[in-house]
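Open the model in your viewer and follow the stops below in order.

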Amino acid sequence: MKADAVFEGGGARGIAFIGAIHAMEEENVEWQRLAGTSAGAIIAALLASGYKSYEIRNHLSKLNFSKLRGRTYLNRIPIFGSLLELLFHLGIYKNDYLETWLDSLLTEKGIKTFADLPKDKLKIIASDVSNGQMLILPDDLERYGMTPADLKISTAVMMSASLPFFYRPVIWKLKDRKKSYILDGGLLSNFPIWIFDTDNPRFPTFGFRFVKEKVNIDAVIPTPLHLFKNIIKTMIQAHDLRYLNKDAIERTIQIPTGDINATDFELDQDEIDFLYMSGYASTKEFLSKWDFEQYKIIRFNRLKNK
């Protein structure tokens, strides 16, 4: 079966997507086009480059998740160090470890920039907070006087995964000397299930999304730093609780993640196994009920009655 895929952002919880992909591979799904935000962008990029679920799982098992929180000398100073990072760099941590790690994996497949992939194979969502616009990369590169060959996929993914306040924004210095500050795609579209939509799709677009029953945050906010962290947690978890319309729900695999949050980068093996199996089991259950032809009929009737 041929299919497109759209992966939601979700930080460290992205491990659940690997279990979901494994389940899809058992059904001989061939990915045609892929899109994602944040953690979903990582998975989409690796799949678009030819990686299989077992390869991704193997590489992630060797990844030092604690390094995803790129600490600096200032970070070693309790509270005030992080506040100074926010003041001078607009983010508490660096995100370059992710870019370096992903770039090495893509290079193994002969992939560096978007120009190395077939047209429309991969789309990464980011946010340009300088002008309040969503970025679909590489489609929107023309606005910046750039081509797909000018942007490394690993850089685009780092942009998409740069949580505001938590990570420093990526700063583009353009030819006209203006600067654009690029951050997490989830600010404007954490789950772009619509990105490949047509009136008469030839094959399905499957969405992969995390779900939580409630927002878990710290009740006590003793410092501005704790306030920033609560803002981040609330923003991320609110996406998980957001209502999906019927058309989105019908083609979306919803994956429970328990109490694990997007910024929980120091997961133990039990948590990793839980996320993987949650993705696998949720996808298996979804596929047992999925009927593309029936979905097309329902979707056609819904559009006709609008």
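**Stop one: helix α5 and its cover**

Select α2, α3 (53–62) and α6 (153–160): these are among the elements that cover the buried residues of α5. Helices here are DSSP runs of H or I with at least four residues, strands are runs of E with at least two, and both are numbered from the N terminus. The model is predicted, so local features need pLDDT of at least 70 and side-chain atom pairs count only at pLDDT 80 or more, while totals for chains, interfaces and linings use all residues. Residues are numbered from 1 along each chain as its sequence is written, and side-chain values use heavy atoms, with hydrogens and water left out.

Now select α5 itself, residues 96–108. Its buried residues (under 20% relative accessible area, 1.4 Å probe, protein chains only) are Leu98, Glu99, Trp101, Leu102, Asp103, Leu105 and Leu106. The 13 residues of α5 span 19 Å from first C-alpha to last, close to the 18 Å expected at 1.5 Å a residue (1.5 Å times one less than the number of residues). Step on to glycine 110, which follows α5 and has a positive phi, near 75°.

**Stop two: α1 against α2**

Select α1 (residues 15–26) and α2 (residues 39–48), whose axes come within 9 Å and cross at roughly 40°. In this contact (heavy atoms within 4.5 Å), α1 supplies Phe17, Ile18 and Ile21, and α2 supplies Gly40, Ile43 and Leu47.

**Last stop: the whole chain**

Zoom out to the protein chain, with eleven helices and ten strands. Of its 306 residues, 53% count as buried.

How values were computed: Axes are lines fitted to C-alpha atoms, for helices over the stretch in contact, and angles run from 0 to 180 degrees between N-to-C directions. Buried means under 20% relative accessible area, exposed over 50%, partly exposed in between (1.4 Å probe, protein chains only).
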